[in-house]
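This report covers a sheet and the nonpolar cores of the structure shown below.

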Amino acid sequence: MTFNSLPYAAFLAVVTGVVWRLRHRDQNRFLLAVSYLFYGAWDWRFLALLVGSTVIGYTAGIALEGTDDPARRRAIVMSRVALNLAILAVFKYANFFLASAVAGLEAVGLSGTETSLRIILPIAISYYTFEEISYTVDIYRRDIRACRDPVAYGLFVAFFPKLVAGPILRPRELLPQIERPRVRPDGDRVLSALGLLLWGLVKKVVIADTLAQLTNEIYARPGSQSGLGLALGTLCFAGQIYGDFSGYTDMARGAARLLGFELPLNFRQPYLSSSLTAFWRTWHISLSSWLRDYLYIPLGGNRQGLNRTMVNLLTVMVLGGLWHGAGWTFLIWGAIHGVALGAERLSGRAVDNTETVARWQDLPRILVTFAVVCLAWVFFRAPTVGDAWTIVVRIATLAPGDTMWTAAVMLALLGPVLVVTDVVQRRIQVDPEEPVDSRLGPALLRRPRPVLTGWLVGVALTALVVTSGGQPVPFIYFQF
Amino acid sequence: MAQHSVVRRPGWGRRFALSVLVTLLVVEGAARVVAPYLEPVGRWPRADYTGHEKGLAARAGDLDLLVLGSSVVGRDISPDRLRDIGGPAVGYNYWLAGPPMRSIDLLATDVVLQRVSPSVVLLGVTMREFVDGPSARAHLEALRQSPGFQAASGRLGWIDRLDDRLQQVSVLARHRTDFRDPVALVHNIQAEPLVPEQLGADGYLLDRGDDHLADEPAAHVAQEQAVMAGYEVNPADVDALRHLLEVLRDRGVEVLVVNLPVTERFIAMADDRRADYEAYLRQVRAAAEEGGAAWLDTMDRPWPDRLFADVNHLNNQGAARLQPLVLDALERLPAAG
C-alpha cells in the first residue's frame, strides 16, 4: 500500500473520516491500530519486530527516568542503543559484512565460503530505529521526559504517514502533538493538505517515475552509452530521487495535516544550494540533523581542531552513506560528500545560502555544488562500484556511444517544473511578506486565484492520468 | 514553512471547479484531435484479439474444431477450408501474433476455453513458441496486463475496473502511453499507420496469402532473427504445453498437435540450427504424447520455398497443400473413428 496507490487513497480517506469522530485518546488508539495495519499490509511478519522494539524502547525510557545513578543510566542507554544497532546490523548489514569478509579473505589468498543469510530487510527499520535511539538518548540527556502513555509512544514510533520513509522525527517534534488534543483542520488547512498530497503525487508519479524509466535504461548499459548520454541519465536520476523522496515527504506531510499533525520540512530546495554545507542543511534534513546531533557533535564536532573535524565529517558521511544501504557504492557516496564537505571547511569558502533567495550571482556556485552532488549520485545509483567508475570515466572523457535524446527532452520538460517551484518556494520561505517577483507564489499561497489554481490542478490531474496506469512504482527511500 | 493567511472571496470554489473542468476538457479535446493520427488502442495488446473476440462470439457455443497457436497456424490452417474438404463443420482459428507457448496456454485456458467447448483442439506449433527472450516476455506481460484479458478472465480488480472505465471514456487516458513520451509521440504521428491483419470469418489469417519468400520484408526477417538468436528450448514453454494438454484432457477434448512447416532459413536462424530444431522436436513431441495428444509432424516431408510467404508462414499454395494432411490426421483421431 504505497502512497501513490488507490488503496492508500481509500485508506487515508477512511482513516481521516473516522479519526475526527473520536475523542482524543481514542484517536490515538485508532491511529496506532491503523498504523500497525498499514505496516502489516507490507509484511505482517515484521510487525512483531516493530511492536517488540516499541515495547523495549518504552520500558527503557521509563527505567532511564526512574534512576539518577549515572552508571545505571549509562548502562540502560548503552544497552538500548546497542540493541537498536544490533537489530539494524542483523537485518540490514549482515549479508554485506559477510560478503565483504569473504571477498577480503579471498583477496589475501585465503579461501572464503560464500554465505547468504537470506535476510529480508524489514521496511522502515532504519527510520524507526533512529527515532527510538533519539528518544532514549534525549531522556538520558534529560532533554525530554519519558512518555508514560504506551499508546502515545507506540504512535510516536509507528505513525503511518512518516513510518516507512520519514521524516525521522524527534520525540519533541511529535510526542507533544500526540499527547495534546489536536485541532480539527479547517477548510484552509484541508485544502493545503490536499495541495501537498497532489503536489507530492505529481513529483512522484509524473516527474520521478518518468525520469526513473530513462535512468534505468541508461544505467542498465553504461558501457554502450555515450558520455553525454550518461550525463543525461545522471541528471535524470538527480531529478528522480528528488521528486521521489521530496514527493513522498510532501504526501506524508499532507496526510499528517489531514489528521491534525504537522510534520517538519525534510527538503528545502536542496538543488539551489551554493555549497555542500548548504546542501546538507536542505536535503533529507531530518537525517542530516539527526547525524549532526547524535553522531557528529558527540564525536567532537568541530571543537577539537581541524584534523579531528575532517575525520568527524568523513566518519559521519560514510555512516550516513551506509545508513542508505549495505554496499560499497553507498559508502563511496557518503565518502564523496564527506571529502567535499571537508574541502569546503578547509577552504573556508562554504557559502550558506539557505536563508536567502536564489540569486543569479549564486548560479556558478550552485552549478558547481550540483555537479558534485551529481557525481556522488552516480555511485548512489550504479549497481556496482565498477559500473559507477565506468560512468564517471565515460562522462569525463565524453566517450562516444548511444545517447537517449528522449532523456534530454524529458529533462527539458520536467526540470523547469522543479526549478521554478523551488525558486518560488525558497522566496516565500525566506520572507513570507516580501512580494515575490513571480506572481505565481503569492497568487497560490496567500491570495489563491481560482482560475490559476484550477488550471494548475487541472494540468496536474492530466499529467497524473497520462503517467499513471499499471503497478505503482515503489518509493526509492522505502528500501532504506 | 511559514504559515500564510489565505484570502478567498465568495464563489471561489465554483470558479476553481470550473477552471479545473475546463482545463481537463481542453486537454481531452486536444488528445481527441491528435488521436486519429495514432495507432488505435484497444483493450487487448493487438487488434487481432479484438477480431478474434468478435469472430468467436459469432461462432459461439459448441465448436467442432478450435485451432490454437501463433500466426503461423493462423496463416497455415483454415477451419472453413477443412470443412469444405470434409472436415469438422464448425471451427475457429484463435491464433496470436508472435506468442510464446505460455501466452497461448494462458489465453486458451483462462479465456477461450471458458467461452467455447470444442470437440477437437488443433494446436499448431513451431520452434518459435518455445524460446524465451525479451519479445516472449513482453508478449506474455502485455497479455496479462491488458484490460481485455483481465476482464475476460475475471481478474479485473476494482482499481483496474476504474482505469478500464476511464480509458473507455477518455482518449487521453486510452492513449496515455503515446502521450507519455513526446519523442515517440511525434514519431508515431509521422509514421505510416499499421494496417490490422485481415481475418476470415473462421479466424484464418488472410494476409500474405499471395506473397512469396523472395519478397519477404527485411524487417520480418530481422524480427524473427532477433527472436531466434541464442535459441534454447525454454522449459517454461514446454511446461505450458503440458498444462494446456492436461486442461484439455480433463475436459475430454481430443487434441492434435501439429508441427507446422517452416523453411530451412528459419531453422538456420537458431544458433545450433538442426541440433536446436531436433531438441525442440524431441521435447515437444514427448510432451504432446505424454499429454495424450495425437502428433503430426508435417516436416517429415519436403516443403519447397515456393510454398512459403516468408520464412515461417505458408502462402495460399502451401496452405492448400497442408489442409489435406491436417484433415487426414484429424480423421484418425479416436473420436473421429
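## Sheet in chain B

Five strands of chain B form an open sheet in the order 2-1-3-4-5, with parallel pairing; strands count as paired if DSSP finds at least two bridges between them. Helices (H or I, at least four residues) and strands (E, at least two) are DSSP runs, numbered from the N terminus. The edges are strand 2 (91–96) and strand 5 (294–297) of chain B, each with a single partner strand, so one side of each has no neighbour in the sheet. From one strand to the next, the twist averages 20°; axes are lines fitted to C-alpha atoms, for helices over the stretch in contact, and angles run from 0 to 180 degrees between N-to-C directions.

Strand 1 (residues 65–70) and strand 3 (residues 120–125) of chain B run parallel and are joined by 4 bridges. B:L123 in strand 3 of chain B stands opposite B:L68.

## Nonpolar cores

A nonpolar core is a set of buried Ala, Val, Leu, Ile, Met, Phe, Trp, Tyr and Cys residues joined through C-beta atoms within 7 Å; buried means that 20 or more other C-beta atoms lie within 10 Å of the residue's own, with C-beta atoms placed from the backbone. The largest has 116 residues, of which A:F156, A:A158, A:L163 and A:F379 touch the most other members. Helix 10 (residues 227–258) of chain A supplies the largest share of this core, 17 residues. A second, separate core of 71 residues includes B:L107 and B:F130.

## Basis

This is a predicted model: local features need pLDDT of at least 70, side-chain atom pairs count only at pLDDT 80 or more, and totals for chains, interfaces and linings use all residues. Residues are numbered from 1 along each chain as its sequence is written, while chains are lettered from A and ligands numbered from 1 in the order in which they are written.

Conventions: Buried ≥ 20, exposed ≤ 12 C-beta atoms within 10 Å, placed from the backbone.
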